[in-house]
Amino acid sequence: MKPPDFEVIVTFNIAEPEPVLDDCPFPIQVIRNERPKGFGANHNQAFRAARGELFAVINPDIRMPALDLAVLEWPFADKKTGACGPLVVDGSQRLQDSARRFPTLATLLCRLIERRHAADYSWRNDPIVVDWLAGMFIVFRRAAFAQVDGFDERRFFMYYEDVDIAKRLGKHGWRSVLQPAAQVIHDAQRASHRDLKHLRWHVISAARYLTGL
(Lines give C-alpha, C1' and ligand atoms only; values in the text may rest on other atoms or scores of the structure.)
Protein backbone atom coordinates (compact mmCIF):
# COMPACT_ATOMS: atom_id res chain seq x y z
CA MET A 1 0.00 0.00 0.00
CA LYS A 2 1.29 3.45 -0.92
CA PRO A 3 1.99 5.54 2.20
CA PRO A 4 0.01 8.80 2.55
CA ASP A 5 1.76 11.77 0.98
CA PHE A 6 0.73 14.18 3.71
CA GLU A 7 1.71 15.01 7.27
CA VAL A 8 -0.49 15.89 10.25
CA ILE A 9 0.47 18.41 12.91
CA VAL A 10 -1.63 18.34 16.07
CA THR A 11 -1.42 21.25 18.50
CA PHE A 12 -2.51 20.91 22.11
CA ASN A 13 -3.10 24.52 23.06
CA ILE A 14 -3.97 23.71 26.67
CA ALA A 15 -3.30 20.74 28.94
CA GLU A 16 -6.03 18.16 28.29
CA PRO A 17 -6.48 14.39 27.95
CA GLU A 18 -4.79 13.34 24.72
CA PRO A 19 -6.09 10.72 22.29
CA VAL A 20 -3.90 7.77 21.36
CA LEU A 21 -2.14 8.73 18.13
CA ASP A 22 0.39 5.90 17.81
CA ASP A 23 -1.72 3.73 15.50
CA CYS A 24 -2.42 6.33 12.82
CA PRO A 25 -1.42 5.28 9.28
CA PHE A 26 0.27 8.62 8.59
CA PRO A 27 2.99 10.66 10.29
CA ILE A 28 1.85 12.91 13.13
CA GLN A 29 3.83 15.66 14.77
CA VAL A 30 2.55 16.86 18.15
CA ILE A 31 3.05 20.38 19.47
CA ARG A 32 2.28 21.06 23.15
CA ASN A 33 2.11 24.73 24.09
CA GLU A 34 3.56 25.86 27.38
CA ARG A 35 0.86 28.55 27.48
CA PRO A 36 -2.28 29.06 25.37
CA LYS A 37 -1.92 30.85 22.03
CA GLY A 38 -4.47 32.48 19.78
CA PHE A 39 -5.87 30.98 16.57
CA GLY A 40 -3.38 32.67 14.25
CA ALA A 41 -0.36 32.07 16.47
CA ASN A 42 -1.13 28.35 16.71
CA HIS A 43 -1.45 27.90 12.96
CA ASN A 44 1.59 30.03 12.19
CA GLN A 45 3.54 27.79 14.56
CA ALA A 46 2.25 24.68 12.76
CA PHE A 47 3.13 26.20 9.38
CA ARG A 48 6.75 26.64 10.47
CA ALA A 49 6.83 22.92 11.30
CA ALA A 50 5.12 21.85 8.06
CA ARG A 51 6.97 20.89 4.88
CA GLY A 52 4.31 20.44 2.20
CA GLU A 53 3.53 22.73 -0.72
CA LEU A 54 -0.04 22.94 0.57
CA PHE A 55 -0.89 23.77 4.18
CA ALA A 56 -4.32 22.96 5.60
CA VAL A 57 -5.81 24.75 8.60
CA ILE A 58 -8.44 22.44 10.17
CA ASN A 59 -10.45 22.86 13.36
CA PRO A 60 -10.41 19.80 15.65
CA ASP A 61 -14.23 19.53 15.45
CA ILE A 62 -14.27 19.12 11.66
CA ARG A 63 -15.53 15.78 10.34
CA MET A 64 -14.78 14.54 6.82
CA PRO A 65 -17.19 11.95 5.33
CA ALA A 66 -14.48 11.02 2.80
CA LEU A 67 -10.75 11.71 2.89
CA ASP A 68 -10.49 12.76 -0.77
CA LEU A 69 -7.83 15.42 -0.48
CA ALA A 70 -7.19 15.43 -4.23
CA VAL A 71 -10.50 17.27 -4.79
CA LEU A 72 -9.20 20.17 -2.71
CA GLU A 73 -5.95 20.16 -4.66
CA TRP A 74 -7.61 20.64 -8.06
CA PRO A 75 -8.16 24.42 -7.77
CA PHE A 76 -4.43 24.89 -7.16
CA ALA A 77 -3.77 23.95 -10.79
CA ASP A 78 -4.59 27.63 -11.31
CA LYS A 79 -1.37 29.37 -10.29
CA LYS A 80 -3.34 32.31 -8.89
CA THR A 81 -5.17 30.20 -6.31
CA GLY A 82 -3.74 30.97 -2.89
CA ALA A 83 -6.43 29.40 -0.69
CA CYS A 84 -9.19 26.84 -1.15
CA GLY A 85 -11.99 25.60 1.08
CA PRO A 86 -14.77 22.97 0.90
CA LEU A 87 -18.48 23.36 1.42
CA VAL A 88 -19.27 23.25 5.14
CA VAL A 89 -22.48 21.74 6.50
CA ASP A 90 -23.68 21.06 10.02
CA GLY A 91 -24.65 17.68 11.42
CA SER A 92 -28.11 18.03 9.86
CA GLN A 93 -26.59 18.71 6.43
CA ARG A 94 -27.61 22.37 6.51
CA LEU A 95 -25.23 24.57 4.57
CA GLN A 96 -23.05 26.91 6.65
CA ASP A 97 -21.95 30.34 5.43
CA SER A 98 -18.27 29.50 5.16
CA ALA A 99 -17.64 31.56 1.99
CA ARG A 100 -18.48 35.24 2.30
CA ARG A 101 -17.93 38.71 0.93
CA PHE A 102 -15.69 41.05 2.89
CA PRO A 103 -17.62 42.57 5.79
CA THR A 104 -18.42 46.24 6.19
CA LEU A 105 -19.98 48.00 9.16
CA ALA A 106 -23.31 48.01 7.30
CA THR A 107 -23.28 44.29 6.51
CA LEU A 108 -22.24 43.40 10.06
CA LEU A 109 -25.12 45.44 11.48
CA CYS A 110 -27.53 43.72 9.07
CA ARG A 111 -26.30 40.27 10.12
CA LEU A 112 -26.68 41.23 13.79
CA ILE A 113 -30.20 42.58 13.34
CA GLU A 114 -31.57 39.95 10.95
CA ARG A 115 -29.90 36.92 12.54
CA ARG A 116 -30.93 34.88 9.48
CA HIS A 117 -29.44 35.87 6.14
CA ALA A 118 -29.01 34.62 2.60
CA ALA A 119 -25.72 33.12 1.47
CA ASP A 120 -23.33 35.64 -0.08
CA TYR A 121 -22.63 33.36 -3.07
CA SER A 122 -24.38 30.80 -5.24
CA TRP A 123 -22.66 28.03 -7.20
CA ARG A 124 -23.17 24.89 -9.21
CA ASN A 125 -20.50 22.20 -9.41
CA ASP A 126 -17.38 24.13 -10.32
CA PRO A 127 -15.04 26.04 -7.99
CA ILE A 128 -15.81 29.75 -7.63
CA VAL A 129 -13.69 32.69 -6.47
CA VAL A 130 -14.89 34.23 -3.19
CA ASP A 131 -13.73 37.09 -0.98
CA TRP A 132 -12.84 34.94 2.03
CA LEU A 133 -13.22 31.48 3.54
CA ALA A 134 -14.07 30.71 7.17
CA GLY A 135 -11.07 29.46 9.12
CA MET A 136 -12.47 26.13 10.29
CA PHE A 137 -11.05 24.50 7.11
CA ILE A 138 -8.79 26.27 4.60
CA VAL A 139 -6.02 24.88 2.42
CA PHE A 140 -3.31 27.41 1.58
CA ARG A 141 -0.64 27.36 -1.08
CA ARG A 142 2.58 27.43 0.89
CA ALA A 143 4.07 30.24 -1.21
CA ALA A 144 0.97 32.38 -0.71
CA PHE A 145 0.80 31.86 3.06
CA ALA A 146 4.51 32.64 3.37
CA GLN A 147 4.29 35.76 1.18
CA VAL A 148 1.79 37.42 3.52
CA ASP A 149 3.56 36.13 6.66
CA GLY A 150 0.62 33.94 7.63
CA PHE A 151 -2.08 35.03 10.02
CA ASP A 152 -1.69 38.37 11.76
CA GLU A 153 -1.26 37.08 15.30
CA ARG A 154 -0.31 40.53 16.58
CA ARG A 155 -3.67 42.15 15.79
CA PHE A 156 -6.01 39.18 16.14
CA PHE A 157 -6.11 36.68 19.01
CA MET A 158 -9.30 35.00 17.81
CA TYR A 159 -11.85 35.89 15.09
CA TYR A 160 -11.28 37.76 11.81
CA GLU A 161 -7.85 36.21 11.15
CA ASP A 162 -9.43 34.41 8.19
CA VAL A 163 -10.99 37.60 6.78
CA ASP A 164 -7.77 39.54 7.22
CA ILE A 165 -5.49 36.97 5.57
CA ALA A 166 -7.84 36.65 2.58
CA LYS A 167 -7.76 40.40 2.04
CA ARG A 168 -3.96 40.46 2.24
CA LEU A 169 -3.71 37.51 -0.15
CA GLY A 170 -5.90 39.41 -2.60
CA LYS A 171 -3.64 42.44 -2.44
CA HIS A 172 -0.80 40.18 -3.62
CA GLY A 173 -2.84 38.76 -6.50
CA TRP A 174 -3.87 35.47 -4.86
CA ARG A 175 -7.43 34.12 -5.10
CA SER A 176 -9.56 32.39 -2.47
CA VAL A 177 -11.65 29.60 -4.00
CA LEU A 178 -14.64 27.61 -2.78
CA GLN A 179 -14.58 23.98 -4.00
CA PRO A 180 -18.19 22.67 -3.98
CA ALA A 181 -17.03 19.15 -4.89
CA ALA A 182 -15.58 18.76 -1.39
CA GLN A 183 -17.68 18.79 1.78
CA VAL A 184 -16.95 18.67 5.51
CA ILE A 185 -19.15 18.67 8.60
CA HIS A 186 -18.84 21.33 11.29
CA ASP A 187 -21.30 22.11 14.07
CA ALA A 188 -20.48 25.72 14.86
CA GLN A 189 -20.08 26.44 18.56
CA ARG A 190 -20.93 30.18 18.25
CA ALA A 191 -18.99 30.77 21.46
CA SER A 192 -19.22 34.54 21.11
CA HIS A 193 -23.03 34.23 21.37
CA ARG A 194 -22.76 32.61 24.79
CA ASP A 195 -19.47 33.60 26.40
CA LEU A 196 -18.51 37.17 27.31
CA LYS A 197 -14.80 36.51 26.81
CA HIS A 198 -15.36 35.27 23.27
CA LEU A 199 -17.79 38.11 22.59
CA ARG A 200 -15.12 40.59 23.66
CA TRP A 201 -12.54 38.96 21.34
CA HIS A 202 -15.07 39.04 18.50
CA VAL A 203 -15.92 42.72 18.96
CA ILE A 204 -12.27 43.76 19.31
CA SER A 205 -11.27 41.81 16.21
CA ALA A 206 -14.14 43.26 14.16
CA ALA A 207 -13.16 46.79 15.23
CA ARG A 208 -9.52 46.19 14.35
CA TYR A 209 -10.44 44.78 10.96
CA LEU A 210 -12.82 47.63 10.10
CA THR A 211 -10.51 50.40 11.30
CA GLY A 212 -7.21 48.87 10.19
CA LEU A 213 -5.72 49.44 13.64
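Residues are numbered from 1 along each chain as its sequence is written, and because the model is predicted, local features need pLDDT of at least 70 and side-chain atom pairs count only at pLDDT 80 or more, while totals for chains, interfaces and linings use all residues. Side-chain values use heavy atoms, with hydrogens and water left out.

**Strand S8**

Select residues 137-141, which make up strand S8; helices (H or I, at least four residues) and strands (E, at least two) are DSSP runs, numbered from the N terminus. Five of the five residues of S8 are buried, so the strand is largely enclosed by the rest of the structure, where buried means under 20% relative accessible area, exposed means over 50%, and partly exposed lies in between (1.4 Å probe, protein chains only). Phe 137, Val 139 and Arg 141 point one way from S8, whereas Ile 138 and Phe 140 point the other way.

Cys 110, by comparison, is partly exposed, with a relative accessible area of 38%. The structure holds zero disulfides, a disulfide being a pair of cysteine sulfur atoms within 2.5 Å.

Now select Phe 39, Phe 47, Phe 55, Phe 140, Phe 145 and Phe 151, which form one aromatic cluster. The structure holds nine aromatic pairs, counted where rings of Phe, Tyr and Trp (its six-membered ring) have centres within 6.5 Å, with planes under 30 degrees apart classed as stacked, over 60 as edge-to-face and the rest as tilted. Phe 47 and Phe 55 form an edge-to-face pair, 5.1 Å centre to centre with 75° between the planes, and both residues are buried.

Arg 142 lies over the face of Phe 47, at 4.4 Å from the ring centre; a charge sits over a ring if NZ of Lys or CZ of Arg is within 6 Å of the ring centre and within 35 degrees of the ring normal. For another such arrangement, select Arg 101, whose charged end sits over the ring of Tyr 121, 4.3 Å from its centre.

His 43 belongs to helix H1 (residues 39-49) and is buried, with a relative accessible area of 15%. Leaving aside its neighbours within four places in sequence, His 43 is in contact (heavy atoms within 4.5 Å) with Phe 55, Val 57, Ile 58 and Phe 151.

Tyr 159 is buried at 18% relative accessible area, and Tyr 160 counts as buried at 9%.

Finally, select Tyr 160 together with Tyr 209, which form a tilted aromatic pair, 5.7 Å centre to centre with 35° between the planes. This pair links distant parts of the chain, since Tyr 209 is in helix H6 (residues 196-211), 49 residues apart from Tyr 160.
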